[in-house]
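I opened a new notebook page for this structure. These are my entries on what I looked up, in the order I took them.

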Amino acid sequence: MIDLPKASFFTSIDIGSRYIKGLVLRKHDQEWEALAYSSVKSRGLDEGEIKDAIAFKESVNTLLKELEEQIQRSLRSDFIISFSNVNFERKDVVSEKDFGEDRRVINLDILGEMQSEALGKLEEDGKKPLHLFSKRYLLDGERIVFNPLDMKASKITVEYTSIVIPVRIYEMFYNFLQDIVKSPFQLRSSLVSTAEGVLTSSEKDRGVVVLNLGYNFTGLIAYKNGVPIKIAYVPVGMKHVIKDVSAVLDTSFEEAERLIITYGNAVYSDIKEEEIQYRGLDGNTVKTTSVKKLAVIIHARLREIMSKSKKVFREVEAKIMEEGEIGIPGGVVLSGGGAKIPRINDLATEVFRVPVRTGCYANSDKPLIINSDEAAYDPSFAAAFGNVFSSMENPYEEAPVKRENPFKRIFRLFRELME
């Protein structure tokens, strides 16, 4: 009998208000490989909600088609899909099992039952949990442990932290995507997946803040002891930077975006008065401005975004300092499309007064993925990578695996070999 190579395929999609990013990854033994990645303009979304169903479906289908063209086959894999929305919240929930006089060995079945109970409690409140983190394990009401597996106890209490969204919004995205994606899929929070895609384990343990410079709004998520401790949104994003450039320079939105991508800078103090040309609002008139003037416009709005974000940052700082840390050890990690603006780290360092770095998958401590350099160093692809690895949020707990019918598995493997 010939042993078939064991390979797992993952298709990850991150739905943003301006762009939709996609990745196809393959895991073979311990090696990861990127088979395809692409980014297309997002249509039909506004402020994180679907406003035009037809345009939304067309943009997702365009992405799927581009990915299939790269791998030269249909996308037959499980999907993980993240999306952005200001209605994501952080919730804590507790699950407890009391075995009475009978001390029990804690196993995966027990932890799986407790996890299901916690998820049920969250859904009773009209919230759909998309991420669940084990915050603390308590044995017999007094012993805190990191990993309860194979330990004996009369009672176990698990404190969870979850990222949830109203069921109405979850169902809206799920139902629309079900018509487009013909394979099983999970939904995730783009902000959480971004953090999971750019952070290291030590940063999440000691304390860190991720500032995701999105299109419609700016998201903040803070970690401590490996779990999110704060999630918040600032209602100003890169869209407002583009609008400012468009208004001041009297040009189209698209041309303003091009200027920012091509000549933009977050700092203007030492920029030279270099002249640049662009198209006016009518699309024909050629106008001129300077790189420095463009930087002044960009700088003003970015500083506003970071100044408003600093209020949330200080709340996180105070909470972490209560636990004995000095400040926020991991500082600020910038992600999202806005993180690609040159010298934005300098501006963020000036505002927050802590270490700042650009967050991308290549700078995390996740596995090396071959053939992924361009996307791995792109902050806007962070959530697409994080989607895949967010299922590994808790290293001490493995969710029960639904076993596949062996006959279905043989048929699926045969079909893949024939393609």
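**Entry 1: one glutamate**

I began with glutamate 257 and found that residue in helix H7, which spans residues 253-263. The model I am reading is predicted. I then looked up what glutamate 257 touches, leaving out residues up to four places away in sequence. The list reads Arg18, Tyr19, Lys41 and Ile242.

**Entry 2: the whole chain**

I turned to the protein chain and noted 12 helices and 21 strands. I looked up the radius of gyration, which is 23 Å. A compact globule of 419 residues would have a value near 22 Å, so the chain agrees with that. For the C-alpha atoms I wrote down a box of roughly 80 × 60 × 40 Å along the principal axes.

Of the 419 residues, 53% are buried. I also checked contacts between residues at least 6 apart in sequence, and 66% of these join residues at least 24 apart. For charges I noted 58 positive and 63 negative, and their mean positions lie 2 Å apart.

**Entry 3: aromatic rings**

How many aromatic pairs does a search of the whole structure find? I recorded 14. One of them joins tyrosine 37 and phenylalanine 381 edge-to-face, at 6.2 Å centre to centre with 80° between the planes. Tyrosine 37 is in strand E3 (residues 31-41), while phenylalanine 381 is in the loop between helix H10 (373-376) and helix H11 (382-389), so the pair ties together parts 344 residues apart in sequence. I looked up accessibility for both partners. Tyrosine 37 is partly exposed at 23%, and phenylalanine 381 is buried at 6%.

I then took up another edge-to-face pair, phenylalanine 217 with tyrosine 233, at 5.5 Å centre to centre and 90° between the planes. Phenylalanine 217 sits in the loop between strand E14 (208-213) and strand E15 (218-224), and tyrosine 233 in strand E16 (residues 227-234); the two are 16 residues apart. Phenylalanine 217 has 8% relative accessibility, so I marked that residue as buried.

My last entry is a cluster linked by ring pairs: Phe10, Trp32, Tyr361, Phe385 and Phe389.

How values were computed. Residues are numbered from 1 along each chain as its sequence is written. This is a predicted model: local features need pLDDT of at least 70, side-chain atom pairs count only at pLDDT 80 or more; totals for chains, interfaces and linings use all residues. Side-chain values use heavy atoms; hydrogens and water are left out. Helices (H or I, at least four residues) and strands (E, at least two) are DSSP runs, numbered from the N terminus. Contact means heavy atoms within 4.5 Å. The radius of gyration is taken over C-alpha atoms; the globule rule is 2.2 Å times the number of residues to the power 0.38. Buried means under 20% relative accessible area, exposed over 50%, partly exposed in between (1.4 Å probe, protein chains only). Lys and Arg count as positive and Asp and Glu as negative; His and the chain ends are not counted. The place of a charge is taken as NZ of Lys, CZ of Arg, CG of Asp or CD of Glu. Rings of Phe, Tyr and Trp (its six-membered ring) pair if their centres lie within 6.5 Å; planes under 30 degrees apart count as stacked, over 60 as edge-to-face and the rest as tilted.
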